[in-house]
Amino acid sequence: MGDSLFRENVAAWVCFYDRKDVFREFLERALRLKELQGRELSIAEKTNYLVFIINAFQSLEDEVVSETILRLASLQTWHSLSYGRFQMELCLNTDLIKKWKRMLKREAKEVAKRGESFNPLNMLEVKFLRNLIEEFLKILDCKVFPSERGIDRDDVHRDVNGFGQVDDACILYCERFMEFLIDLLSQLPTRRYLRPLVADVAVVAKCHLSALYRHEKGKLFAQLVDLLQFYEGFEINDHVGTQLTDDEVLQSHYDRLQSFQLLAFKKVPKLRGLALANIGAINKRNDLSKKLSILSPKELKDLVCCKLKLVSEDDPWSDRVDFLIEVMVSFFEKQRSQKEAINALPLYPNEQIMWDESVVPSINYSGEGCLALPKLNLQFLTLHDYLLRNFNLFRLESTYEIREDIQEAVPHLLAYINNEGETAFRGWSRMAVPIKEFKITEVKQPNIGEVKPSSVTAEVTFSISSYKAHIRSEWNALKEHDVLFLLSIRPSFEPLSAEEAARASVPQRLGLQFVRGCEIIEIRDEEGTLMNDFTGRIKRDEWKPPKGELRTVTVALDTAQYHMDVSNIAEKGEEDVYGTFNILMRRKPKENNFKAILESIRDLMNEYCIVPDWLHNIFLGYGNPSAAQWTNMPDLLETVDFKDTFLDADHLKESFPDYQVCFTNSDGTENLDPRPPFRISLPKKLKSSSPALPGNRNSTADSMNDVAMVHADSEKENLFVEAYTPPDPGPYPQDQPRLNSVRFTPVQIGAIISGIQPGLTMVVGPPGTGKTDTAVQILNVLYHNCPTQRTLIITHSNQALNDLFEKIMQRDVPARYLLRLGQGEQELATDLDFSRQGRVNAMLVRRLELLSEVERLARSLQLPEDVGYTCETAGYFWLLHVYSRWEQFLAACAGNENKPSFVKDRFPFKEFFSNTLHPVFTGELFEKDMRAAQGCFSHLKTMFQELEECRAFELLKSTADRANYLMTKQAKIVAMTCTHAALKRKDFLQLGFKYDNLLMEESAQILEIETFIPMLLQRQEDGYARLKRCILIGDHHQLPPVVKNMAFRTYSHMDQSLFTRFVRLGIPYIELNAQGRARPSIANLYNWRYRDLGDLPYVKEGKVFHRANVTTQNPG
């Protein structure tokens, strides 16, 4: 039952939360099942049992599971290590010696209490995994090929496909066991002590030498073995948890080989040549195998088992020469670094990977078998491991989508073999067109240290004559950086019969031979004129519509794939792929962004990738889940100006029910008539009354009730709130700030407080609870309290980004500080243009408006008007004439406070402000007129500050420079979608884009990697990450990220967002608890899914919510 729930991605252990003791006993009995069972389990039962254990180890966030299951991966498992391996591990990790001795004392005491003799090998924690591994090896060796039990083990070159009957159930068990070991080694809590056990038994070496590894039915098993080998040698310090650098890995390899050479020189005379050889001559597999082959079997066993102690001499495989050499070579050969492997990987899929069912399964994946895919679960070994898994899965998900597009487009072409024996096409396809000519035009020399070419360029010519106008326009719209695919179609001479077609693979049915990807550099028409140029080579007024029906596209081929293809031609005599292409295929632009995202991930893997220290461990899934919560962060904002957050004093009191609110004036005296805005001194005690809830605790309601009782019994703490009078913003209507009208709930106030403080804030927003209003208020308060900081807004969809952006525009944030990047900007419901070009134009128009105001000010002061010629001259005018007059005015006011009309008579800019709707000064009260004068000066100050900001646009002449300056320097709030962030990351880094805060809406709908990339759109400063706040807002109970392939969803958990993973890890989050969208009867349909979701008062009282929807009324 539990296995079925896991296949459906349903929480399997929730039903046991109320009976934890019973569940622990059940789990204990399940682990001892083979002891308690009086018979040998069948292979199907063993497989199901193994799947149960796999699921248990994948549920470490559940304390009820982890308490029992993690005992199996503890230090106690080292009791089962061979003596040599045990000594080696303790020598490499001397810190564990004390821990080992303490553990022995504790075990001895426990056994003495029970009056038993101490034999650690009888303990479940010691023998469980060792027994499982040995049982697996026995099945692999004897039961996979039941009719061939007597085969000669030393005949390793025998054609394994000639073996007799294959037991498919045993193969499934072996594949599942590989999955089990991969899971154990890819999580730090289980890897730390179990990797030595896997190495001690030499599982990988034995699998490599097994018949199944080389059998045609063992393809998936072989891929899983290679994945296990990768994780066994993963570049990490298992006990500290830090990633090893390339230099550290290389140094470790050299040290190991040097020690071996020293041992060989002293103890093995036959290996004198190996001992004296340079390291470059012996660090490759073939060289090392050749030098070891001179040893006799007895000498080899003595070297491996007694001198090096890599395996136990009691191991039943220790008499096999091939096994001993495999163990030696695997231990001492130089491993290819992960960075080298990923850089050598083509970004575009080819035909081999596209139709490999073990890597890119079909849509009908049932979940019963395993796959050679990485999993996105709770924890990752390092950031590199995180990026690598996401890179592979994203690449394969893109491969699946491309495969579907090919299968959709190619059949419409109706390919056949003509009389000349060449491929021709009877039909047509909207997305694929026959190629007239293909030629490679340039292959550049490799960069230093690489073997692949630095670039490979080709030209593709095709005709659009057979298309109607609207499809022609789609092909004519191709532009730089668009991705195309080159296909080689060669159908069979005779059409396949129905029976043959049913047996044939998809490429065989389509006649598909090769698939290669490429990226457009430029496209030209029949006359060679450049089309769709965005680089500035063709000016707008010189643009002409494309001529003719032939189009020539210059494309960049994948250099890694090209190198592999050319090597195969030279070494294996394979066919020249690049002489066979006859179809050019395009894809829909919105679905074709995969290459840029893959490049961004690969670039991150090649950088020294830094996540902020306060987020690093939590991001990988380790440490205290609440470590990044604002209450545990340094550099807190002690006093926060909440501006228009609170509508009145009662609203503020309602928002802090656990505190006695004390209102004061700016001078510290008590305020008896408090009015907003308010400044609040946030006390340290506020930490304990944070509304954040732990993400994976079922007993939260009980714990919160306990907290409420404690607060009810104790005397309320004082919360000091300063009610201050804001300065007069200015005499004109446009000077007045736009105020908030939302009466935020106490939980929303808690989310706002958390969001404006440093650290990680997670807000779960059920439908209609005001997620967007909360996000906007966080941005508003953050802007006013930290005006020098820049904030990046990310959403999944353009619609959500526009909703958020439109609400920000209605708050007191100047429009000149807002910027919207991406394609959805034109959908904004506003007359203002917030794109880069629109903001640049707005700044230039605003500059002219302000300079004309400066000229008017100069006239009012009877000064020459040329001071408003440029922003620079206006700046001098401000210092010499405006600011100096204001200082003289303030000096004159000192001592004349008793003269009511003094300000009205002496204010130096009275004539400039004579065009206001109402007179600025009354002459009745000095204080009132002085406040109005300060408002007028504030208006002037803002005007000249804007002019100073416009000065850069005056100095920069090109549109691109102005737009880049706006994005990197001017804008304080920059908004874009996660896809745009991934596509343009390289551009952001080159421009020096910087931001301090990240707010992400719809974060539960964004793929994990597309959430991570926006955190790293800027370069590090002196080795430290600049990011101070990360605010994730979403709802993991609603739609997850879209993953089209079911296998990637169910097996690899690719549809798990970062937001959902953080909730599973138990990171505290704030859940908004009052909805205002649906009438209570409708809200009851879904409010059971949330902890304490209620209704806002107007939902219960409003007349509109008591009337039935017109569309649902019964017509009778």
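Guide: A salt bridge is counted here when a side-chain nitrogen of Lys or Arg lies within 4 Å of a carboxyl oxygen of Asp or Glu. Side chains of opposite charge can pair when their charged atoms come close. The structure above is a predicted model, in which local features need pLDDT of at least 70 and side-chain atom pairs count only at pLDDT 80 or more, while totals for chains, interfaces and linings use all residues. Residues are numbered from 1 along each chain as its sequence is written, and side-chain values use heavy atoms, with hydrogens and water left out.

Visitor: How many salt bridges does a search of the whole structure find?

Guide: The search finds 58 salt bridges. One of them joins the side chains of Asp405 and Arg587, with an N to O distance of 2.6 Å.

Visitor: Which strand and which helix are linked by Arg516 and Asp565?

Guide: The side chains of Arg516 and Asp565 meet in a salt bridge, at 2.9 Å from N to O. This pair links distant parts of the chain, with Arg516 in strand β6 (residues 512-524) and Asp565 in helix α25 (residues 559-572), 49 residues apart. Both Arg516 and Asp565 are buried.

Visitor: What separates Arg503 from Glu499 in helix α23?

Guide: Arg503 and Glu499 are four residues apart in helix α23 (residues 498-503), so about one helical turn separates them. Their closest N and O atoms are 3.1 Å apart, and the two residues form a salt bridge. Arg503 counts as exposed at 62% relative accessibility, and Glu499 is exposed as well, with a relative accessible area of 56%.

Visitor: Which residues are linked in a network of salt bridges?

Guide: Such a network links Arg816, Arg846, Glu849, Glu946 and Glu949.

Visitor: How many aromatic pairs does the count come to?

Guide: Rings of Phe, Tyr and Trp (its six-membered ring) pair if their centres lie within 6.5 Å, and planes under 30 degrees apart count as stacked, over 60 as edge-to-face and the rest as tilted. By this rule the count comes to 48 aromatic pairs. Among them is the pair of Tyr386 and Phe1012, which is edge-to-face, at 5.1 Å centre to centre and with 75 degrees between the planes. Tyr386 lies in helix α21 (residues 383-409) and Phe1012 in helix α40 (residues 1008-1012), so this pair ties together parts that are 626 residues apart in sequence. Tyr386 and Phe1012 are both buried.

Visitor: Why is the pair of Phe953 and Tyr965 edge-to-face?

Guide: The ring centres of Phe953 and Tyr965 are 5.6 Å apart and their planes stand at 85 degrees, so the pair is edge-to-face. Because Phe953 lies in helix α36 (residues 926-955) and Tyr965 in helix α37 (residues 959-970), the pair ties together parts that are 12 residues apart in sequence. Phe953 is buried, with a relative accessible area of 1%, whereas Tyr965 counts as partly exposed at 26% relative accessibility.

Terms used:
Helix = DSSP H or I, 4+ residues; strand = E, 2+ residues; numbered from the N terminus. Buried < 20%, exposed > 50% of the residue type's maximum accessible area, 1.4 Å probe, protein only.
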